[in-house]
Amino acid sequence: MAVAVAGLGIPLSGWPEAAAPAVPTPPNHEPDGNSVIFDAPAGLIVMDTGRHDWHARAILALAREREQDIVAIVNSHWHLDHVSGNPALRAAYPGLRVYASNAIDGALSGFLPASVKDSAPYLDDPTVPEETRADMRLDRATIQRGSELRPDVVIHSSTVLSLAGRQFHIHLAPNAATSGDVWLFDPRSGVAALGDLVTLPAPFLDTACPEGWKSALAKVSAAPFRIAIPGHGAPMQRPQFLLYRRSFESFIDCSRSDRPKESCAADWAQAVRPLLSADPLEMRRAQSMSVYYVGLLRANGGRSKYCEARSDPKRDG
Ligand SMILES: [Zn+2]
């Protein structure tokens, strides 16, 4: 059994079985979500496929090196830093099947075309770094072929699935980071792959329902995992995950109070400091991103404007 993680750009100390094609994101580029690769009797299962071609290439290189086919992709959610590599992996392994919630259908007619519109004015703006504009062009091209990102098998509810001869506990978290997040727990390795239910340096709340996200983190706590892999950031052990969960709840509570957003952000950054990388810029990013997200939540009654949960903001999800 082996588990590998791409996209972290860090050595995986304490992961004796892991082979890590570490692909750090170059400066000014948008991130790639982490990929987690599971080894099963009939091939490899890839959780999330990144945004850039270098990320997909690292996954394909790992499969070639191990002389194993990729037989399944599980997408944690439809954000482009997690699904854009699906077509490249499928081109190399035409028989693979993609498992995901159907939340991407709403995104293909809502958030994604809106983001194409929003990015248009910046494409030729010389004050925007060229790498960032290249990513905008990349994302626009990916959205144009958006139907190729959709799942072959829709996950409608939490279930136990046998993928390539290995059993995984697949969890559907409705109305969390997106309207349908998927996370999985692998009982054999004790690994939980959480997608963007855990992101650092801040929770990415752009399409989120905070209450559903909180319930998802509560459900993750109940799983007997040994290692949790976030969507962005380094692998965590249980105490680190629990710290993230507490910090997330306090951050959401603060966003609903009348405290200045800067002080919610300062509390967040201080709370998650032990989880951040040693790069001193990371604290600054934690702070500036969380200021932005408090503003985003407050502008939309405590949730993102893409939250589709029916109940009131205090009880969504
Ligand atoms: Zn992400």
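Tutor: Begin with how angles are taken: axes are lines fitted to C-alpha atoms, and angles run from 0 to 180 degrees between N-to-C directions. Keep in mind that this is a predicted model.

Student: How are H8 and H9 oriented to each other, roughly parallel or roughly antiparallel?

Tutor: Helix H8 spans residues 238–255 and helix H9 spans residues 261–272. They pack at an angle of about 175°, with their axes 10 Å apart. Angles over 145 count as roughly antiparallel. H8 and H9 are therefore roughly antiparallel.

Student: How many residues of each class does the contact of H8 with H9 have?

Tutor: H8 contributes Tyr244, Ser247, Ser250, Phe251, Cys254 and Ser255. H9 contributes Cys264, Asp267, Trp268, Ala271 and Val272. By class, that gives seven nonpolar, three polar and one charged.

Student: Which hand does the crossing of H5 and H6 have, left or right?

Tutor: H5 (residues 111–119) and H6 (residues 130–144) pack at about 145°, axes 10 Å apart. Leu112, Val116 and Ser119 of H5 meet Met136, Arg140 and Ile143 of H6. The crossing is left-handed.

Student: Which strands stand at the edges of the six-stranded sheet?

Tutor: The sheet is open, with mixed pairing and the order S7-S8-S9-S10-S11-S12. An edge strand here has a single partner, so one side is left without a neighbour in the sheet. The edges are S7 (159–163) and S12 (236–237).

Student: What is the bridge partner of Ile170 in S9?

Tutor: S8 (residues 166–174) and S9 (residues 180–186) run antiparallel. Six bridges join them. In S9, the partner of Ile170 is Leu184.

Key. Residues are numbered from 1 along each chain as its sequence is written. This is a predicted model: local features need pLDDT of at least 70, side-chain atom pairs count only at pLDDT 80 or more; totals for chains, interfaces and linings use all residues. Helices (H or I, at least four residues) and strands (E, at least two) are DSSP runs, numbered from the N terminus. A crossing is left-handed if the near helix is turned anticlockwise from the far one by less than a right angle, and right-handed if clockwise. Two residues are in contact if their C-beta atoms, placed from the backbone, lie within 7 Å. Angles under 35 degrees count as roughly parallel, over 145 as roughly antiparallel, 65 to 115 as roughly perpendicular and the rest as oblique. Ala, Val, Leu, Ile, Met, Phe, Trp, Tyr, Cys and Pro count as nonpolar, Asp, Glu, Lys and Arg as charged, and the others, Gly among them, as polar. Two strands pair if DSSP finds at least two bridges between them.
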